[in-house]
Amino acid sequence: MAIQVYDTLSRKKEELITRDPGKIGIYICGPTVYNYIHIGNGRTYLSFDIIIRYLRYRGYDVTYVRNITDIDDKIINKAREEGVSAEEIARRYTKAFHDDADGMGLARPTVEPKATEHIRSMIEMIEGLIKKGLAYVVDGDVYFEVTKFPGYGKLSHRSLTDMRAGERVEVDPRKHHPMDFALWKAAKPGEPAWESPWGMGRPGWHIECSAMSRKYLGDDFDIHGGGQDLIFPHHENEIAQSEGYTGKEFARYWMHGGMVNIGEEKMAKSLGNVILVRDLLKEHNPNVLRLLALGTHYRSPIDFGPEKLKEAESAYERFLNARRRIEHSLSSETVTMLPEKVELIGSLENASLEAKKKFIEAMDDDFNSAAALASMFELVKEINTFIEAFGGQMTIMAKDALEKADRILLELSGAVGLDLTLPEAVGVAEKLPDAIYELASVVLGIALDSKKKDQLLDEILERRNEARKNKDWAIADMIRDRLLKMGIEIEDTPLGSRWKIK
Ligand code: AMP
Ligand code: ZN
């Protein structure tokens, strides 16, 4: 089955048929650079990063365009507040955006056009729209006339009458219809401005994306995306401008990501309830953020809170634990064939292939990353069972099967941008897994040597104490929890920590 994509315009899942076979052109609305991005923005960019990486994994040659809106009222206001130029604000937050995007591990777009470098293309489109009778000029401003574009409202599934319902703001009497929107804004004193046939001014936000997508992807292209809050008016207006100008269908598929909410409210700069990507990255590995995005379908909302982060942390930890155990097993001594375990090998091989099949089916079905992740966890479970069954004594065939399972785990995680390579062991965590696994085998009675057990436990406690001293609570807790699972309890007393067998 081919990849299915949910299209906001048709409101159904459709088979992905690209304009040019094997190729995909995608345009994602990028940030307006006047502030640091929050995790709502971050989630949207991550969702499309996951989708784009997966399309590449499936063999598509993807041209990914994500713009920078570097001229806008918000930038001008911020510049005024700080008493610096709009260029300065745009430069500062473009750099900050790049740092955050790299920090999240986002693939760089193929092209990242800046609005201020494409003013001519915008003017050309606006002129065309005026010529076609779809736009009009008033006092140096240019407006798009929505009633002249028959499809206006088709993306947001609203009629012009619906749009006017609940209208509270005073209508600008110079506009022919209250929903008419600005293509070009006459400059006010002190604002950045460009020459145009209508006098000095600057483009409206919507025309920027119509002009830049057209320049890099053509009149018609495959996927246009952004967060659901952009459906109206931004994307509705882009369709009106682009289709009005070219007379062709603009994007074949419209994809929109769900919002990140805090309680009942959307996370938004204007509401002051934001958590910045850069702040989260100070405390969490970028793979944790990615797992947070992967764990929910891209179209569904995420109600963000500490428990969501915890879930993602523990998912990451579960993957890393499996990978540590795999590496440990593969590097342990190989034993000769134990005939009764042959069927285990066959079943791990089947489980690996099954996981890959389910992963692809899930991602092909409108990028159902939550189901894809579940298939990866099924594989992790099989891997853990396999390692336990062999109890550290693996044959060549067993190691082969485990290595293949590991390769598939890495292939699937890589397909959605998760990096499951084991982090460099640092400081206190160094060699910790080895000690724990060695201890596990001692406790499990594989090598009943109580002196060794005592030594290992003392060594592990020593590391845990160091972690506590460094306030590395996650590691300290992890050690305690793992020991507890083996039936060893740690007691923290004022005189230090002690262990006892439960
Ligand atoms: P903006 O800078 O507000 O234009 O937003 C940049 C991108 O982030 C757009 O694709 C928005 O749809 C998206 N976005 C903004 N707020 C949120 C949110 N709370 N949750 C998810 N995506 C969001
Ligand atoms: Zn846009």
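Contact here means heavy atoms within 4.5 Å. Helices (H or I, at least four residues) and strands (E, at least two) are DSSP runs, numbered from the N terminus. The model is a predicted one, in which local features need pLDDT of at least 70 and side-chain atom pairs count only at pLDDT 80 or more, while totals for chains, interfaces and linings use all residues. Residues are numbered from 1 along each chain as its sequence is written, chains are lettered from A and ligands numbered from 1 in the order in which they are written, and side-chain values use heavy atoms, with hydrogens and water left out.

1. Overall build. The protein chain contains 16 helices and 15 strands. Its C-alpha atoms fill a box of roughly 90 × 55 × 35 Å along the principal axes. Of its 502 residues, 51% are buried; buried means under 20% relative accessible area, exposed over 50%, and partly exposed in between (1.4 Å probe, protein chains only). Among contacts with a separation of 6 or more, 76% come from residues 24 or more positions apart.

2. Surface. The accessible surface of the protein chain is about 23600 Å², and carbon and sulfur atoms contribute 50% of it. Such areas come from the Shrake-Rupley method with a 1.4 Å probe; for residues, only the protein chains shown count as cover.

3. Four-stranded sheet. An open sheet has the strand order E5-E6-E7-E8, with antiparallel pairing; two strands pair if DSSP finds at least two bridges between them. Strand E5 (135–138) and strand E8 (201–203) are the edges: each has a single partner strand, so one side of each has no neighbour in the sheet. On average, and with direction ignored, neighbouring strands are turned by 20° against each other.

4. Strand E6 and its partners. E5 and E6 are joined by 4 bridges in the antiparallel sense, with Val138 opposite Asp141 in E6. Their hairpin has 2 residues between the strands, and Asp139 has a positive phi near 45° there. On the other pairing, 3 bridges connect E6 (residues 141–144) with the antiparallel strand E7 (residues 181–186); Tyr143 has Ala182 as its bridge partner in E7. Both faces of E6 are covered, with Asp141 and Tyr143 buried on one side and Val142 and Phe144 buried on the other.

5. Helix H7. Asn237 lies in helix H7 (residues 231–246) and is buried, at 2% relative accessibility. The side chain of Asn237 makes a polar contact of 3.2 Å with that of His206. A polar contact is a pair of N or O atoms within 3.5 Å; within protein, one must be able to donate a hydrogen and the other to accept it, and residues adjacent in sequence count only if both atoms are side-chain atoms. Leaving aside residues up to four places away in sequence, Asn237 touches Tyr152, Phe181 and His206. Pro233 is also in H7, and a cis peptide bond with omega of about 0° joins Phe232 to Pro233.

6. Helix H9. Is helix H9 (residues 286–294) mostly covered or mostly open? The helix is mostly covered, with 8 of its 9 residues buried. The cover over these buried residues includes H1, helix H3 (86–104), helix H8 (277–283), strand E13 (302–303), helix H10 (306–331) and helix H12 (369–390). At the start of H9, a side-chain oxygen of Asn285 comes within 2.7 Å of the backbone nitrogen of Asn287.

7. Backbone points to inspect. Most residues other than glycine have a negative phi. His157, in the loop between E6 and helix H5 (160–164), has a positive phi of about 55° and is partly exposed, with a relative accessible area of 31%. Phe367, in the loop between helix H11 (342–364) and H12, also has a positive phi of about 55°, but is buried at 2% relative accessibility.

Technical notes
Axes fitted to C-alpha atoms, helices over the stretch in contact; angles between N-to-C directions.
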